[in-house]
Amino acid sequence: VSNLTRIFDVSKPWLNRVIERLPRARLTAVSNVSFDIPDRSVYALVGESGSGKSTIGKMVVGLLDASEGEVEVRAPDGQDDARGAGRTGVQMIFQDPYASLNPRWRVRDIIAEPVAARGGDTKGVAEALLEQVGLSVEDAGKFPHEFSGGQRQRICIARALADNPRLIVCDEPTSALDVSVQAQVLNLMSDLREEFGLTYLFISHDLTVVQHMADTIGVLYLGRLVEEAGADDLFETPRHPYTQMLFEAAPRMDAYGRDVEPPQGEIPDPINPPTGCAFHPRCPRAVDRCAAERPEMRRVGTSRVACHLAE
Ligand code: SF4
Ligand code: MG
């Protein structure tokens with residue numbers, strides 16, 4: 001997808017919709033990923049296009065199921081499934097606020113929809129939330145096309161908040177917005193987190209955004225977690241060679257935070273992933289063992305790292 005978007009210069013959401021309709025080869029988008037998100041914290045998943053970030057987000061919110069095995073989302077209070085019936089405990093904010101709002105619905109109905117979906121009282125829900133997200137009560141009667149991109153993302157945020165979710169999955173929530181608007185929306189999300197005690201799973205390829213938002217960061221490569229650490233620790237001491245490579249490549253992102261080109265070498269074909277450590281064809285430190293044996297995630301210092309040479 002990322003190569004096609006470069007060649008044809010079209011928006012990724014549009015291309016994704018086309019690609020979803022095509023027959024496709026079987027690929028394992030995500031495998032054996034497991035992580036804890038402390039209550040009221042922000043856990044960021046980072047990685048290049050195709051690393052499986054969005055797939056994980058959709059699985060957590062219940063939009064996608066596992067083709068093999070299962071997806072388990074456990075709540076901090078020990079409930080088996082944080083998503084509950086209808087998975088109302090988790091809401092999602094998407095990358096493209098244009099595509100994720102029904103153009104024929106008034107803002108009032110869009111925002112209150114999660115409440116309506118479980119048969120709750122929707123009266124005044126939208127009006128209260130519009131002010132929380134920096135819009136006005138009068139906006140409740142309008143339609144999505146009457147708003148700018150940043151305002152639409154505010155509407156999406158209000159909708160995500162409407163039913164008091166335990167967790168909000170934010171998939172590249174600002175990457176479709178103008179640079180000048182991105183910071184405003186991110187600051188709003190931070191403020192709301194403080195105010196409502198929210199927990200975010202924050203998906204992004206933009207390290208600047210992640211550094212600003214995250215408490216904990218998980219780095220994905222070809223559908224597996226390769227490193228996880230506190231945000232400060234990760235930026236200070238990246239331990240996995242892939243994380244180090246990502247950080248070195250960061251200044252090459254363009255003004256919109258999109259990666260201009262992937263760091264050193266292309267991502268291998270996910271349909272035929274490399275043996276052993278999937279990163280070995282690109283890894284400057286690879287040894288013989290790396291092609292033969294897959295490294296498991298293990299604790300190194302305060303981080304978790306999947307690399308034979310992590311120490
Ligand atoms: Fe590089 Fe080997 Fe570590 Fe993989 S396991 S990241 S190939 S050193
Ligand atoms: Mg994505």
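Trainee: A residue is buried if 20 or more other C-beta atoms, placed from the backbone, lie within 10 Å of its own, exposed if 12 or fewer, and partly exposed in between. What share of the 311 residues is buried?

Mentor: Buried residues make up 40% of the protein. This is a predicted model, where local features need pLDDT of at least 70, side-chain atom pairs count only at pLDDT 80 or more, and totals for chains, interfaces and linings use all residues. Residues are numbered from 1 along each chain as its sequence is written, with chains lettered from A and ligands numbered from 1 in the order in which they are written.

Trainee: OK. How many helices and strands?

Mentor: The protein has 11 helices and 8 strands, taken as DSSP runs numbered from the N terminus (H or I, at least four residues, for helices; E, at least two, for strands).

Trainee: Why is strand E3 called largely enclosed?

Mentor: Because 5 of the 5 residues of E3, residues 167–171, are buried. Leu167, Val169 and Asp171 point one way, Ile168 and Cys170 the other.

Trainee: What sits beside E3?

Mentor: Strand E2 (residues 90–93) pairs with E3 in the parallel sense over 4 bridges, and E4 (residues 200–204) runs parallel to E3, also joined by 4 bridges. Pairing needs at least two DSSP bridges. Cys170 stands opposite Ile93 in E2 and opposite Phe202 in E4.

Trainee: Which residues have the most contacts inside the largest nonpolar core?

Mentor: Among them are Val169 and Phe202, along with Ala44, Ile111, Leu129, Ala158 and Leu201. The core has 75 residues (buried Ala, Val, Leu, Ile, Met, Phe, Trp, Tyr and Cys joined through C-beta atoms within 7 Å). Helix H6, residues 149–161, gives the most, with 6 residues. At least three residues come from each of domain 1 (2–89 + 166–305) and domain 2 (100–164), bounds that come from an automatic or database assignment.

Trainee: And what does Ala158 touch?

Mentor: Beyond its neighbours within four places in sequence, Ala158 is in contact (C-beta atoms within 7 Å) with Ile111, Leu129, Leu130, Gln132 and Val133.

Trainee: How many residues meet between the domains?

Mentor: 14 residues of domain 1 are in contact with 14 of domain 2. On the domain 1 side, helix H7 (residues 179–196) supplies the largest share, 7 residues.

Trainee: New topic: which residues are closest to ligand 1?

Mentor: Cys277, His280, Cys283, Cys290 and Cys307, out of 13 residues that surround ligand 1, each with its C-beta atom within 6 Å.

Technical notes. Contact = placed C-beta atoms within 7 Å.
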